[in-house]
Amino acid sequence: QVQLVESGGGLVQPGGSLRLSCAASGRIFRVNDMGWYRQAPGKQRELVAAVAGGGSTNYVDSVKGRFTISRDNAKNTVYLQMNSLQPDDTAVYYCNAGVLHDIWESEHTYWGQGTQVTVSS
């Protein structure tokens, strides 16, 4: 009922930057928290950054000061600006959103399909 479409991944050299985007579409009354997770080969998926509907944010310690999460509520879109990328940031990045289909329903959680970010020289 809701699709999350990600874009912006790719190959970048250490120290470089990328900007990820994730747009939610479908039957949406309101989008609550939105976030970015990542999963590297052989590792568990981890929360990278999240932004609440009201705009408050939180980050995993390893990306503080380098990554910035933001959202455009009019477009139901979340962004992740990634600067000073390091090889340890290499992973598949997934966006996540909590969505209300209408005012009477409970929240549903949706995931994007994932976008590869590779940091290598």
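Visitor: Which residues form a nonpolar patch on the surface?
Guide: In this predicted model, Phe29, Ile103 and Trp104 make up that patch, and together they have about 440 Å² of accessible area. Patches are made of residues with over 30% relative accessible area and no salt bridge, where nonpolar side chains (Val, Leu, Ile, Met, Phe, Trp, Tyr) are joined within 5 Å and like charges within 9 Å. Areas come from the Shrake-Rupley method with a 1.4 Å probe, and for residues only the protein chains shown count as cover.

Visitor: Where is Phe29 found?
Guide: Phe29 sits in the loop between strand E3 (18-26) and strand E4 (30-39), strands (E, at least two residues) and helices (H or I, at least four) being DSSP runs numbered from the N terminus. Phe29 counts as partly exposed because its relative accessibility is 44%, given that buried means under 20% relative accessible area, exposed over 50%, and partly exposed in between (1.4 Å probe, protein chains only).

Visitor: Before we go on, what should I know about the numbering and the confidence limits?
Guide: Residues are numbered from 1 along each chain as its sequence is written, and side-chain values use heavy atoms, with hydrogens and water left out. As the model is predicted, local features need pLDDT of at least 70 and side-chain atom pairs count only at pLDDT 80 or more, while totals for chains, interfaces and linings use all residues.

Visitor: OK, salt bridges: how many are there?
Guide: The count comes to six, where a salt bridge is a side-chain nitrogen of Lys or Arg within 4 Å of a carboxyl oxygen of Asp or Glu. One of them joins the side chains of Arg27 and Asp102 at 3.8 Å, N to O. Arg27 lies in the loop between E3 and E4 and Asp102 in the loop between strand E9 (91-100) and strand E10 (108-111), so this pair ties together parts that are 75 residues apart in sequence.

Visitor: And which residues are linked in a network?
Guide: Arg38, Glu46, Arg66 and Asp89 are linked by salt bridges in a network, and within it the side chains of Glu46 and Arg38 meet at 2.7 Å, N to O. Arg38 is buried, with a relative accessible area of 6%, whereas Glu46, at 30% relative accessibility, counts as partly exposed.

Visitor: What about Arg71, buried or exposed?
Guide: Arg71, which is found in strand E7 (residues 67-72), is buried yet has no salt bridge, and the nearest side chain of opposite charge, Asp33, is 5.5 Å away. For charge, Lys and Arg count as positive and Asp and Glu as negative, with His and the chain ends not counted.

Visitor: So what does the Arg71 side chain make a polar contact with?
Guide: The side chain of Arg71 makes a polar contact with the side chain of Asn73 at 2.6 Å, and one of its polar atoms also lies 3.1 Å from the backbone oxygen of Val31. A polar contact is a pair of N or O atoms within 3.5 Å; within protein, one must be able to donate a hydrogen and the other to accept it, and residues adjacent in sequence count only if both atoms are side-chain atoms.

Visitor: Switching topic, which cysteines form a disulfide?
Guide: Cys22 and Cys95 do, with their sulfur atoms 1.9 Å apart (the cut-off for a disulfide is cysteine sulfur atoms within 2.5 Å). The pair links distant parts of the chain, Cys22 in strand E3 and Cys95 in strand E9, 73 residues apart, and both cysteines are buried.
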